[in-house]
Amino acid sequence: MISFSSGFCTFRICYLAFFIGAKKMSEPKIAQKFPYKEAVVSDKSYYWCRCGQSSKQPFCDGSHEGTDFLPEKVTFEENKEVYFCGCKNSSNGAFCDGTHKNL
Ligand code: FES
C-alpha cells in the first residue's frame, strides 16, 4: 500500500478528504419508465425536460430551477411522431433508446 506523510496529511487521509468533499452529480427523477409518444411539427422548438420534475412531461415547465439540469432544445425538419424519453436515462438525449427497460 502506498502511504507517505507530509505534515499532518498522510496520503490516505488526503485521498479520502478529496472524495468526501467532491460534489456528487445529481440524478434526474424518473418521470415514467416508458417513452412519451408525441406528434411534433416542423420549425417549432421543443424543450425536453431533463430533470424529470416538470408537470408538463415530456416538456419543460421550469421546474429544473435550482437543480443541476437544463432542458434540451429539439427541433424537427418534418411533422412526425416522436418517442421522447420518460425515464431521463436515455443515452440518446431527449429520445428513447430503450434504456428504460433496464431500470
Ligand atoms: S423512456 Fe427513457 S430510454 Fe425509453
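**View A. Phe 59 lies in the loop that connects strand 4 to strand 5.** The model shown here is a prediction, in which local features are given only where pLDDT is at least 70 and side-chain atom pairs count only at pLDDT 80 or more, whereas totals for chains, interfaces and linings use all residues. Residues are numbered from 1 along each chain as its sequence is written. Helices (H or I, at least four residues) and strands (E, at least two) are DSSP runs numbered from the N terminus. Phe 59 is partly exposed because 16 C-beta neighbours lie inside 10 Å; on this scale, with C-beta atoms placed from the backbone, 20 or more other C-beta atoms within 10 Å make a residue buried, 12 or fewer make it exposed, and partly exposed lies in between. Leaving out residues up to four places away in sequence, Phe 59 touches Tyr 46, Tyr 47, Trp 48, Cys 49 and Ser 54, where contact means that the two C-beta atoms, placed from the backbone, lie within 7 Å. Phe 59 and Ala 94 are 35 residues apart in sequence, and their C-alpha atoms are 9.7 Å apart in space.

**View B. The peptide bond from Gln 57 to Pro 58 is cis.** The omega angle of this bond is near 5°, and Pro 58 belongs to the loop between strand 4 (46–48) and strand 5 (72–74). Asp 68 is found in the loop between strand 4 and strand 5 as well, and counts as exposed because 12 other C-beta atoms lie within 10 Å. The C-alpha atoms of Asp 68 and Arg 50, which are 18 residues apart along the chain, are separated by 9.8 Å.

**View C. The largest nonpolar core has nine residues, including Trp 48, Phe 84 and Cys 87.** In soluble globular proteins, nonpolar side chains tend to be buried together.

View D. Leu 103 and Lys 33 are separated by 70 residues in sequence and by 7.5 Å from C-alpha to C-alpha, and the C-alpha atoms of Cys 87 and Cys 51, 36 residues apart along the chain, are 9.9 Å from each other.

**View E. Asp 43 and Lys 88 are residues other than glycine that have a positive phi.** Phi is near 60° at Asp 43, which lies in the loop between strand 3 (36–40) and strand 4, and near 65° at Lys 88, which is placed in the segment after strand 6. Asp 43 is exposed because it has 9 C-beta neighbours inside 10 Å, whereas Lys 88 is buried because 24 other C-beta atoms lie within 10 Å.

**View F. The protein as a whole has one helix and six strands.** Along the sequence these elements follow the pattern β-β-α-β-β-β-β. Buried residues make up 16% of the 103 residues, and of the contacts with a separation of 6 or more, 45% join residues 24 or more positions apart. The average pLDDT, the predictor's confidence in each residue on a scale from 0 to 100, is 84, and 76% of the residues score at least 70. Over residues 1–23 the pLDDT is below 50, and this stretch has eight contacts in the model beyond near neighbours in sequence.

How values were computed:
Core = buried A, V, L, I, M, F, W, Y, C linked by C-beta atoms within 7 Å.
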